[in-house]
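Here is a short report for a first look. Keep the sequence and the structure in view while reading.

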Amino acid sequence: MDNHELWQSVLAQMQLNISKANFATWFQNTQIISKEEEKVIISVPNAFSKEWLNNKYYKLILKTIFDQDNSIKGLEFVINPRSLEKKEIKEVKENTESNKIDVEQLKFDEFKVNKETNLNPRYVFENFVVGSFNELAYAAALAVSENVGNTYNPLFIYGGVGLGKTHLIQAIGNKISDGPKKKKVKYISSEKFVSNIISGIRNHNIDVFKASLSSIDVLIIDDIQFLAGKNKTQEEFFHTFNSLYEKNKQIILSSDKPPNAIAELEERLRSRFEGGMIIDISLPDYETRLAILKTKLQEKSLALPEDVLEYIASNVKKNIRELEGALNSLLIYYKTNGNIPNLETTKKLLKNFVFSPFNVASFKKIVETVAKFYNLEEKNIFNPTRRKEVVKPRQIAMFLLREELKYSFPAIARKFGGKDHTTVIYAYKKIQKENEQNNKLTEELNLIKQRVYSG
Amino acid sequence: MKIEVLKENLKTNLNITERIVGKNLSLPILNNVLITTDNNFLSLVSTDLEIAIKLWILVKIIKNGNIVVPAKFLSAFISSLPNEKITMEVKDQNLYIECKNIKTQIQGYSSEDFPIIPEFKNAEYIELDSKKLCMGLAQIIDIASTSQSRPEISGVYFSFSKNAIKMVATDSFRLGEKNIHLEEPLKNIKEKDYSFILPQKSAREVMNILENKEGLMRIYFSSNQVLFELPMKEAAHPQVQITSRLIEGEYPNYQDIIPTKFKTHVVLKKDEFLNQIKTASLFSGKVNEVKISINKEKQEIEVFAKSGDVGENRSSLPVKVEGDSIDVSFNYKYLIDGLLNIKSSEIIFDISKEEGPCILKPVGDSSYIYVVMPIKSM
């Protein structure tokens, strides 16, 4: 008979001997924690229960237990306050309701974040809007949170700014840490990771930091691309990664580009990142943007007319953060003027978002982004060299100018130092063809485009 | 049991014990007060299983014994009696009360069913001035969070070190910290510091009950409970004991919240500022927003509030400004709460940055600090 059954038989016996109210008050949340030789240790929720059981029911409980197990000769009560957990979930909901009015009231940052896991409880799967652009990432994240460490390890999510990477990886963390298995989750931004390692090296206590990472079940690192070029950090991370990976601990990473596009990332790390699941989140489509707007509105408990929402969704395309910004400026208008903005006012208010100089692709922007993406200097692209590392970016720049800006071939040729327009046609066709065949190139093109349009 | 007691004496003490007695449906015995003779004293005990209050009154004891009677009822009845000597006697679980020419019988219950108040055997304790503690507590107690979603901030955090006692409360929008400096170091405290989180309700009871009583209060520590005790003036015996459960959990690292670098530093007159905020609050609308604009060039602070339904209000007062001009918006309630808890006539108002924590504190008194978060600026 195990402890649980033993205690059940005690409870059954006690029920017969005392009144219902007494039983409910004194025996709620009690249980046997352990059996030691001749003694049973019983946990009670508070000091009153302890005194009461100890003084009033000691003999009766002991006798009942003794009847089941003759070796028991004594009881000990310990106070173990719990049962707070259930309450919490209920109250959180209440909280969000009472928050309606003072959405704008700022909180101390320290309270938003869970101290142990560093996770922000706001990011959960329930408020993540799924669309065609992120459904794969969503499905993978969900799979990881349900089967920790075994499905996709590591899980590598990448995509442009403001598309929900952080939301998704934090949601995984929140789900796992709230789960019944009490897994230890640690969310850390790569900047924090680097600064921890640096201070560890300086104070000669890097072991402490390492030890703190070795005991966790799920490690989540955001914006891993910032590790690029930091060799010592990469080395430390490599060891941490290996030791966790060997123990089947889940590792979740996010970045703004795929591992093979992160410059100055050590080969052994890159190959490890690629060993699990790599998923991208791309730009949301119109319908998803509309859905996101509606979710956000619901969170802020406000209603806007349909045509206004459609206007925002069709005009603010860059990323989700931008959408939220647009929405916020409407909310502020609503708050200060007291009436719901109509389509006209919306157009006026969102002028900055819609016609921002940053989200229009231009010749300069494309060249700049391409050069930056391939780690070249801008002027190198215009060099009449045939070096491979320059030729490809140049061709891609030409391709994008044609595709995105609809430049004529001769115009592009002129821009690139008076080349013949047939050269441009050749470059365009070459990239177009390769784009269909080579996934890696498609990927790169998407990323470049994303950056061109997201400033 | 048979005793003789003065009406006034009994009445004041019953008033205290009945404070925590509410309607408890699941365990009706908690609606009662336990009356017991204890050497030369009469003890009164009430509890709601979170807090327990135990009081002793000097009485003339003729026969020992005990009884449990409804607390509110007894208190109401005793109040109605003339101010004379009362004789109380227990016979067959009934309480017979005689006062002058009034004779009463109140039905009681067996003391067997009354909860047993946890005892503190050989617990470590410290001694300090009860007035100081209560006054300090009054400055922060209302700040504690009333929501149970984060149990650890629904109480008041106490931290005892050799020369100082810190009391902290926060509801995640604002935070108050009171430091009580002790002229004489705490004697019984060992190397390790004590700290605990006391539920707000218990803290309030401790404050209200001990507020007007002078003397050296003792605080006994145990892992899940704490006991506040005040001795009698007349005899070396406790007069009041308040036992409370503690809140489990770790108090947030609140020190990190208190900013140390500031963009703007303002010194101003409290009462004028408070009045202007109160006036502005009438115009603040649903979000309780008042905007504070600090102007470095003019050396003045402007309080502004506007509501679509009512109108707008603007007032200013000359202040001393160091640092940059800045605009910050606040929930006026949080500002007023902070200002009311500051006792000095001049206050320091420090702003760390837009949308960052701000500090209110008295001039010339480093023992109190109030940190408040602004409303997102428009």
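The report takes the basis of the model, then chain B, then chain A.

## Basis of the model

This is a predicted model, in which local features need pLDDT of at least 70 and side-chain atom pairs count only at pLDDT 80 or more, while totals for chains, interfaces and linings use all residues. Residues are numbered from 1 along each chain as its sequence is written, and chains are lettered from A and ligands numbered from 1 in the order in which they are written.

Helices (H or I, at least four residues) and strands (E, at least two) are DSSP runs, numbered from the N terminus. Two strands pair if DSSP finds at least two bridges between them.

## The open sheet of chain B

Chain B holds an open sheet of 8 strands. Their order is β6-β2-β3-β4-β17-β16-β15-β10, and the pairing is antiparallel. The edge strands are β6 (66-70) and β10 (125-129) of chain B, and each pairs on one side only. From one strand to the next, the twist averages 20°. Axes are lines fitted to C-alpha atoms, for helices over the stretch in contact; angles run from 0 to 180 degrees between N-to-C directions.

Strand β2 (residues 32-38) of chain B runs antiparallel to β6(B), joined by 5 bridges. B:L34 has B:V68 in β6(B) as its bridge partner. Helix α3 (residues 130-140) of chain B lies across β10, β15 (216-221) and β16 (225-231) of chain B. This helix runs at about 80° to β10(B).

## One residue of β2

B:T36 lies in strand β2 of chain B.

Leaving aside neighbours within four places in sequence, B:T36 is in contact (C-beta atoms, placed from the backbone, within 7 Å) with B:S43 and B:N66. B:W56 is 20 residues from B:T36 in sequence and 9.5 Å away in space, C-alpha to C-alpha.

Strand β24 (residues 346-351) of chain B pairs with strand β18 (residues 264-269) of chain B in the antiparallel sense, over 6 bridges. β24(B) also pairs with strand β25 (residues 358-362) of chain B, antiparallel and over 5 bridges. B:I347 is the bridge partner of B:L268, and B:P362 in β25(B) is the bridge partner of B:I347.

β24(B) and β25(B) form a hairpin with 6 residues between them. In the turn, B:E355 has a positive phi of about 60°.

## Helices of chain A

Helix α9 (residues 190-202) of chain A and helix α11 (residues 231-246) of chain A have axes that come within 10 Å and cross at roughly 100°. That makes α9(A) roughly perpendicular to α11(A). Angles under 35 degrees count as roughly parallel, over 145 as roughly antiparallel, 65 to 115 as roughly perpendicular, and the rest as oblique. A:F193, A:V194 and A:I197 in α9(A) meet A:K232, A:T233 and A:E236 in α11(A).

Helix α2 (residues 20-27) of chain A has A:T25, A:W26 and A:F27 as its buried residues. Seen down the axis of α2(A), they fall within an arc of 160° (taken from the directions from the helix axis to the C-beta atoms), so they line one face of the helix. On the other side of α2(A), A:K20 and A:A24 are exposed. The cover over the buried residues includes α1 (3-17) and α3 (47-56) of chain A. A:N29 follows α2(A) and has a positive phi, near 60°.

Key
Contact = placed C-beta atoms within 7 Å. Buried ≥ 20, exposed ≤ 12 C-beta atoms within 10 Å, placed from the backbone.
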